[in-house]
Amino acid sequence: MLVLLPPSEGKAAPEAGVPVEVAGLSLAGLTGAREKALRALVELCSGDEERAAEVLGLSTGLRGEVAKNAGLLTAGARPAGEVYTGVLFDNLGLATLDEGAYARAERSLLVFSGLWGAVRIGDRIPPYRCAMGVKLPPLGALGPYWRAEMDAVLPEVADGLVLDLRSSAYAAAWKPAGEVAGRTVTVRVLQEREVDGVLKRSVVSHFNKATKGRLVRGLLTGGLEPSGPGELVDALHQLGHRVEVSARGTARKPWQLDVVVTDVH
């Protein structure tokens with residue numbers, strides 16, 4: 001099983017240590033594209049701060065991220081699973097997994113990134129600020145930039161069930177195609193509540209991330225590694241989730257599952 005995750009915009013604080021070794025990251029076929037993106041981001045942030053902040057979409061309170069990006073070549077790196085923070089990763093709780101569950105996480109989780117394309121949780125990277133929606137000079141929009149690179153690399157590792165939990169911005173960097181699409185599952189989190197005596201459902205945002213983090217944690221801690229969409233549905237039911245198939249996949253079209261919640265927390 002391969003689980004595709006979005007990153008967090010916020011990152012753990014940088015620390016002293018050995019800088020990133022781009023050639024040592026997983027998915028070695030992305031090395032050249034990663035080096036270009038890293039150089040482009042460092043060059044942008046080493047110049048005019050106002051322009052860099054505008055390109056990166058940073059508010060006044062986040063201007064300090066420009067200087068951090070400028071120093072990425074020498075900044076200390078740490079495992080990606082420690083760098084990414086935020087709601088999804090807080091609920092996933094990688095640091096509290098036992099040895100077996102963490103090994104499964106290292107094997108199955110793939111975090112998409114505007115700067116690195118995608119990384120495993122054990123890949124050592126420095127904290128950075130560069131969302132997938134950025135148009136990074138001279139590379140242009142990062143979604144299309146990474147798409148061609150991913151098309152050449154990801155089918156080699158997506159050899160079983162693909163659980164795609166990415167947000168739309170990061171989904172733009174790779175779209176499963178052909179028979180890979182047919183064994184890919186996307187997940188939507190819906191809140192069900194009663195309004196004037198009528199049950200209504202709505203898509204949740206913040207709690208979407210929390211639910212997905214708990215969902216992945218349950219699979220990892222339960223030692224559940226479904227090999228296909230049907231087995232995934234059974235596994236999620238086993239974990240206590242209320243799951244409905246809203247769209248069945250075909251040989252070239254992903255499945256879509258709805259996880260229905262009543263309490264959002």
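Trainee: What volume does the largest pocket have?

Mentor: About 340 Å³. Keep in mind that this is a predicted model.

Trainee: Which residues are closest to the centre of that pocket?

Mentor: Pro6, Pro7, Ser167, Asn208 and Lys209, out of 18 residues that line the largest pocket.

Trainee: And which elements give two or more residues to the lining?

Mentor: Three helices do: α5 (87-92), α8 (168-171) and α10.

Trainee: How does the lining of the largest pocket divide by class?

Mentor: There are 7 nonpolar, 7 polar and 4 charged residues in the lining of the largest pocket.

Trainee: What lines the largest cavity?

Mentor: Met1, Arg104, Ser108, Leu219, Leu220, Leu224 and Glu225. By class, that lining has 4 nonpolar, 1 polar and 2 charged residues.

Trainee: Which elements supply at least two residues each there?

Mentor: α6 (99-108) and α10 (206-221).

Trainee: Switching to rings. How many aromatic pairs does the count come to?

Mentor: The count comes to 4 aromatic pairs. One of them is Tyr84 with Phe89, a stacked pair with 5.6 Å centre to centre and 25° between the planes.

Trainee: Are those two buried or exposed?

Mentor: Tyr84 is buried at 3% relative accessible area, and Phe89 is buried too, at 7%.

Trainee: What about Trp116 and Tyr128, how is that pair arranged?

Mentor: Trp116 and Tyr128 sit edge-to-face, 6.2 Å centre to centre with 85° between the planes. Trp116 is in the loop between β3 (109-113) and β4 (117-119), and Tyr128 is in the loop between β5 (124-125) and β6 (135-136), so the pair ties together parts that are 12 residues apart in sequence. Both Trp116 and Tyr128 are buried.

Trainee: Which residues do ring pairs link into a cluster?

Mentor: Tyr84, Phe89, Trp116 and Tyr128.

Trainee: And which charged residue lies over the face of Tyr128?

Mentor: Lys11, at 4.4 Å from the centre of the Tyr128 ring. There's also Arg166, whose charged end sits over the ring of Phe112, 4.5 Å from the ring centre.

Trainee: On to cysteines. How many disulfides does the structure hold?

Mentor: It holds 0 disulfides.

Trainee: Now the backbone. Where is there a cis peptide bond?

Mentor: Between Pro137 and Pro138, with omega about -5°. Pro138 is in the loop between β6 and β7 (140-141).

Trainee: What stands out about phi of Leu27?

Mentor: Phi of Leu27 is positive, near 55°, in a residue other than glycine. You'll find Leu27 in the loop between β1 (2-5) and α1 (31-45).

Trainee: Is Leu27 buried or exposed?

Mentor: Buried, since Leu27 has a relative accessible area of 12% and the cut-off for buried is under 20%.

Trainee: Last one, Gly240. Where is it found?

Mentor: In the loop between α11 (229-238) and β11 (243-247). Gly240 counts as exposed, at 64% relative accessibility.

Trainee: How many residues lie between Gly240 and Asp90 in sequence, and what's the distance in space?

Mentor: Gly240 and Asp90 are 150 residues apart in sequence, and the C-alpha to C-alpha distance is 20 Å.

Note on methods: Residues numbered from 1 in each chain as written. Predicted model: local features only at pLDDT ≥ 70, side-chain atom pairs only at ≥ 80, totals over all residues. Heavy atoms only, no water. Disulfide = S-S within 2.5 Å. 1 Å grid on protein atoms, 1.4 Å probe; cavity = no way out; pocket = protein on both sides within 12 Å on 5 of 7 lines; lining within 4 Å. Helix = DSSP H or I, 4+ residues; strand = E, 2+ residues; numbered from the N terminus. Nonpolar A, V, L, I, M, F, W, Y, C, P; charged D, E, K, R; others polar. Phe/Tyr/Trp six-rings, centres within 6.5 Å; stacked < 30°, edge-to-face > 60°. Buried < 20%, exposed > 50% of the residue type's maximum accessible area, 1.4 Å probe, protein only. Lys NZ or Arg CZ within 6 Å of the ring centre and 35° of its normal. Points joined across faces, edges and corners; volume = space filled by probe spheres on them.
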